[in-house]
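Subject: Structure handover

Hello,

Here is the structure I said I would pass on.

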Amino acid sequence: MRAKTRDLLTLRWQSEASLSLFLFLLVVVGFVLPSVGFEKSNLPLYADIAFSVVLVVGAAIAWEDRKLFVVTSLVSIVAIVVRWATWGRPTNPLILWRVSTGLAAILMIAAVLLWKVFRSGPVTVMRVQGAIAAYLCLGFGWAHAYHLAALLDPGAFNTAGSDVSTVSSWVNYSFGMLTTVGYQGILPVHPVAHTLGSGEAVTGQLYLAVLVARLVSMQVSTTRKGTDESSIPRSSA
């Protein structure tokens with residue numbers, strides 16, 4: 001009975017339902033809980049726990065492809081270990097590694113999501129939700145990039161009156177750039193900071209355009225294939 005239950009859960013996770021679950025997780029830990037002040041008592045601790053959970057669940061999505069799963073898991077494990085190691089010894093080099101490995105892990109998770117979204121087959125609601133999750137991962141990834149730039153050059157951004165000591169502090173700014181809405185309170189000063197902002201704005205717009213075109217193309221191809229197969233006359237027995 002336990003084996004059947006385990007096999008059923010594994011099969012369910014390997015389906016596209018994992019995309020919906022991951023999107024739900026991102027929305028809850030990235031927007032819902034912070035909006036109700038869940039992290040106010042200890043933002044760094046909350047951010048690290050949420051980040052670790054997201055990486056573990058995101059890496060598990062690649063379970064069907066063992067090579068991709070191994071690579072994603074290794075990158076995620078390194079990012080998690082380095083992140084928690086900074087609690088014991090928060091040196092500048094270790095903090096830089098923390099942000100860098102976090103950026104690499106987020107990009108790997110985004111790649112896994114896109115791999116699952118754009119596989120052959122009909123376009124489902126769950127695939128669209130997976131594409132949205134990948135879009136959110138881009139926003140979190142750019143937040144890491146901004147934080148890394150600020151660590152390397154503290155004068156790259158004018159952050160007067162804003163606490164930008166953690167990646168979480170850059171999330172709102174990142175999504176403001178990704179959606180081209182903008183964000184007040186943080187201003188890019190260094191050319192690299194301007195380039196990062198412009199790059200994210202272009203990435204956000206291109207992603208949406210390419211995503212819609214690709215999903216429509218996949219749906220048309222699937223529909224046409226089904227129509228062609230149904231039009232083939234069946235030989236009588």
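The notes below cover the pocket, the core, one histidine and the aromatic pairs.

This is a predicted model, in which local features need pLDDT of at least 70 and side-chain atom pairs count only at pLDDT 80 or more, while totals for chains, interfaces and linings use all residues. Residues are numbered from 1 along each chain as its sequence is written, and side-chain values use heavy atoms, with hydrogens and water left out.

The largest pocket has a volume of about 810 Å³. A pocket here is an open set of points on a 1 Å grid over the protein atoms alone where a 1.4 Å probe fits, with protein on both sides within 12 Å along at least five of seven lines; lining residues have an atom within 4 Å of a point. The volume is the space filled by probe spheres set on the points, which are joined across faces, edges and corners. The lining has 34 residues, and Ala-47, Val-167, Ser-168, Ser-169 and Val-171 lie nearest the centre. Helix H3 (43-60) is among the elements that give two or more residues to this lining, and H3 gives the most, with eight. Helices are DSSP runs of H or I with at least four residues, numbered from the N terminus.

Core. The largest nonpolar core has 56 residues, of which Phe-22, Leu-113, Phe-157 and Trp-170 touch the most other members. Such a core is a set of buried Ala, Val, Leu, Ile, Met, Phe, Trp, Tyr and Cys residues joined through side-chain atoms within 4.5 Å; buried means under 20% relative accessible area, exposed over 50% and partly exposed in between, with a 1.4 Å probe and protein chains only. H6 supplies the largest share of this core, 15 residues.

Histidine. His-144 is located in helix H6 and counts as buried because its relative accessibility is 4%. Beyond its neighbours within four places in sequence, the contacts (heavy atoms within 4.5 Å) of His-144 include Phe-51, Arg-83 and Val-167.

Aromatic pairs. The whole structure holds 14 aromatic pairs. Rings of Phe, Tyr and Trp (its six-membered ring) pair if their centres lie within 6.5 Å; planes under 30 degrees apart are stacked, over 60 edge-to-face and the rest tilted. Trp-84 and Trp-87 are stacked because their ring centres are 6.1 Å apart and their planes at 20°. Trp-170 and Tyr-173 form an edge-to-face pair, at 5.8 Å centre to centre and 75° between the planes. Both Trp-170 and Tyr-173 are buried.

Regards
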